[in-house]
Amino acid sequence: MSVDLAAYLRRIGLEAAPAADLAGLKALHVAHATSIPFENLDIQMGLPIRLDLASLQAKLVQRRRGGYCFEHNTLFLAVLESLGFQAFPCEARVRKGATQILPRTHMLLVVRVEGADWLCDVGFGGEGLLHPVSMDGASHPQFRNTYRVAEEAGLRVLQSRHHGAWEDLYAFVPEARLPVDFEMANHYTSSHPESRFMTTLTAQLPGREVRRILRNRAYAELRGDEVEGRELAPEELLSTLRGTFGIDVPEGATFRALAG
């Protein structure tokens, strides 16, 4: 199956397909990241996560839902390839918020464009990239956030800068992985009882000036290092998912993380 490029571009608010150059990559990346939310509602409602292109287009494009890293970046990879970009997917271990070594349950992309490698990731949620970031090790501001890709004993580590210090987001080996590798990681992430996506409801949407993050009923808005948040009342949850994150949640939906 091929990508319905016209429908995808409408979903992310672009009138025409950009050229397969750095400017085009940046335009696609920020449009996708700020238009399609990061969310795990299907997992919370006991529904399967499917990574075939037909299912991804039906969910993220036609039904105007969101998804998590495997869904976002698998779709984005298909779009990039359809436009003539050279890209490959990698697996990463998330470090942000971790107190121990975690399994490789994150998907990102490396894109070679204009003779250089760029880390692309439209599936890391509200604290992730808006533009691709060069893998040159230098500091790269993106609106209110700053990122770099550092080297560490054969690994590459995506870091963000907060309160004057670098924080690790995730670590990866810049080598191509196969779809079956992500099927395995997707199965663990969407079904293992100790997976954070099984235990926590989340919806996240980054913007150029504000990043909106919901975890269970804790809602926060991030503006650089400034954080403003509050606890939602139970009756506010569905309206917030619909209005703030643009997710078409069915009436009466219940989520396992909030059960009881």
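Q: Hi! Which helix is His32 found in?
A: Hi! In this predicted model, His32 belongs to helix α2, which covers residues 22–35.

Q: Is that His32 buried or exposed?
A: His32 counts as buried, because its relative accessibility is 0% and the cut-off for buried is under 20%.

Q: OK, and which side chain does the His32 side chain join in a polar contact?
A: That would be Tyr8: the two side chains make a polar contact of 2.7 Å.

Q: What else is His32 in contact with, leaving aside neighbours within four places in sequence?
A: Besides Tyr8, the list has Ile12, His72, Leu75, Phe76 and Val122.

Q: Back to the helix, then. How many residues does α2 have, and how far does it reach?
A: Helix α2 has 14 residues and spans 20 Å from first C-alpha to last, close to the expected 20 Å.

Q: What do the buried residues of α2 pack against?
A: They pack against α1 (5–12), α5 (69–82), β3 (104–113), β4 (116–120) and β10 (202–205). Those buried residues include Leu25, Leu28 and His32.

Q: New topic! Why is strand β8 largely enclosed?
A: Strand β8 runs over residues 155–162, and six of its eight residues are buried, so the rest of the structure largely encloses it.

Q: How does β7 pair with β8?
A: Strand β7 (residues 145–152) pairs with β8 in the antiparallel sense, over six bridges. Val149 has Leu158 in β8 as its bridge partner.

Q: And how many bridges join β8 to β9?
A: Seven, and these strands also run antiparallel. Here His162 stands opposite Ala165 in β9.

Q: What's in the turn between β8 and β9?
A: This hairpin has two residues between its strands, and His163 in the turn has a positive phi of about 50°.

Conventions. Residues are numbered from 1 along each chain as its sequence is written. This is a predicted model: local features need pLDDT of at least 70, side-chain atom pairs count only at pLDDT 80 or more; totals for chains, interfaces and linings use all residues. Side-chain values use heavy atoms; hydrogens and water are left out. Helices (H or I, at least four residues) and strands (E, at least two) are DSSP runs, numbered from the N terminus. Buried means under 20% relative accessible area, exposed over 50%, partly exposed in between (1.4 Å probe, protein chains only). A polar contact is a pair of N or O atoms within 3.5 Å; within protein, one must be able to donate a hydrogen and the other to accept it, and residues adjacent in sequence count only if both atoms are side-chain atoms. Contact means heavy atoms within 4.5 Å. The expected span of a helix is 1.5 Å times one less than its number of residues. Two strands pair if DSSP finds at least two bridges between them.
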